[in-house]
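Visitor: I would like to learn how to read a structure feature by feature. Please show me the model and take me through it.

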Amino acid sequence: VRELDEELVVERGARAKAEKSRTMLKKDIEDIASRLEEAGSNTATQVELNKKREAELGRIKAELEELNIAQEGTCAALRMKHNNTMGDLGEQIDIREKGQESYSP
């Protein structure tokens, strides 16, 4: 009977230890599940932020391309105006030089 009582005490101790371990494992699993859910939520948030940033970047790139095209057009127009002005000035110089040659004896 004494041996049975000792075995019963050992069995109860083992059960209590197993129950404590089970409770701790259950808590650990719940904590991990909570962290996993939070990480998943953070990942979804990051994905949405990345999509918004990519859309904004695309918009900015398109705007930059439009501005570059407009700037190239402006430069071409200024270049043409400069060339026309230089041509006009060259003609005026030629006319003045011819005028001075006709007055020189």
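Visitor: Let me start with one residue. Where is the place of tyrosine 103?
Guide: Keep in mind that this is a predicted model. Tyrosine 103 lies in helix H1, which covers residues 2-103.

Visitor: Is tyrosine 103 buried or exposed?
Guide: Read the relative accessible area. Over 50% counts as exposed. Tyrosine 103 has 74%, so it is exposed.

Visitor: How far apart are tyrosine 103 and histidine 82, in sequence and in space?
Guide: Take both separations together. They are 21 residues apart in sequence. From C-alpha to C-alpha, tyrosine 103 and histidine 82 are 32 Å apart.

Visitor: Now the fold as a whole. How many helices and strands does the protein chain have?
Guide: The protein chain has 1 helix and 0 strands. Its radius of gyration is 44 Å, while the globule rule gives 13 Å for 105 residues. The value is well over the rule, so the chain is more spread out than a compact globule.

Visitor: What does the C-alpha trace span along its principal axes?
Guide: The spans are about 150 × 20 × 10 Å.

Visitor: Let me turn to charge. How many positive and negative side chains does the protein chain have?
Guide: There are 18 positive and 23 negative side chains. The centres of the two sets lie 6 Å apart.

Visitor: Which residues gather in a patch of negative charge?
Guide: Asp88, Glu91, Asp94, Glu97 and Glu101 form that patch on the surface. Take aspartate 88 as one of them. Aspartate 88 sits in helix H1. At 43% relative accessibility, aspartate 88 is partly exposed.

Visitor: How many salt bridges does a search of the whole structure find?
Guide: The general idea comes before the count. Side chains of opposite charge can pair when their charged atoms come close. In this structure the search finds 5 salt bridges.

Visitor: Which residue forms a salt bridge with arginine 15?
Guide: The partner is glutamate 11, and the closest N and O atoms are 3.5 Å apart. Look at the spacing next. Arginine 15 and glutamate 11 are 4 residues apart in helix H1, so about one helical turn separates them. Arginine 15 is exposed at 59%, and glutamate 11 is partly exposed at 41%.

Visitor: How do the side chains of lysine 27 and aspartate 31 meet?
Guide: They meet in a salt bridge, at 3.2 Å from N to O. Both residues lie in helix H1, 4 residues apart, about one turn of the helix. Lysine 27 is partly exposed, with 48% relative accessibility. Aspartate 31 is partly exposed too, with a relative accessible area of 33%.

Visitor: What is the N to O distance in the salt bridge of arginine 59 and glutamate 63?
Guide: The distance is 3.0 Å. Arginine 59 and glutamate 63 are 4 residues apart in helix H1, so the separation is about one helical turn. Arginine 59 is partly exposed at 43%. Glutamate 63, at 40%, also counts as partly exposed.

Visitor: Which residues do salt bridges with shared partners join into one network?
Guide: Glu56, Arg59 and Glu63 are joined that way.

How values were computed. Residues are numbered from 1 along each chain as its sequence is written. This is a predicted model: local features need pLDDT of at least 70, side-chain atom pairs count only at pLDDT 80 or more; totals for chains, interfaces and linings use all residues. Side-chain values use heavy atoms; hydrogens and water are left out. Helices (H or I, at least four residues) and strands (E, at least two) are DSSP runs, numbered from the N terminus. Buried means under 20% relative accessible area, exposed over 50%, partly exposed in between (1.4 Å probe, protein chains only). Patches are made of residues with over 30% relative accessible area and no salt bridge: like charges are joined within 9 Å, nonpolar side chains (Val, Leu, Ile, Met, Phe, Trp, Tyr) within 5 Å. Accessible areas come from the Shrake-Rupley method with a 1.4 Å probe; for residues, only the protein chains shown count as cover. A salt bridge is a side-chain nitrogen of Lys or Arg within 4 Å of a carboxyl oxygen of Asp or Glu. Lys and Arg count as positive and Asp and Glu as negative; His and the chain ends are not counted. The place of a charge is taken as NZ of Lys, CZ of Arg, CG of Asp or CD of Glu. The radius of gyration is taken over C-alpha atoms; the globule rule is 2.2 Å times the number of residues to the power 0.38.
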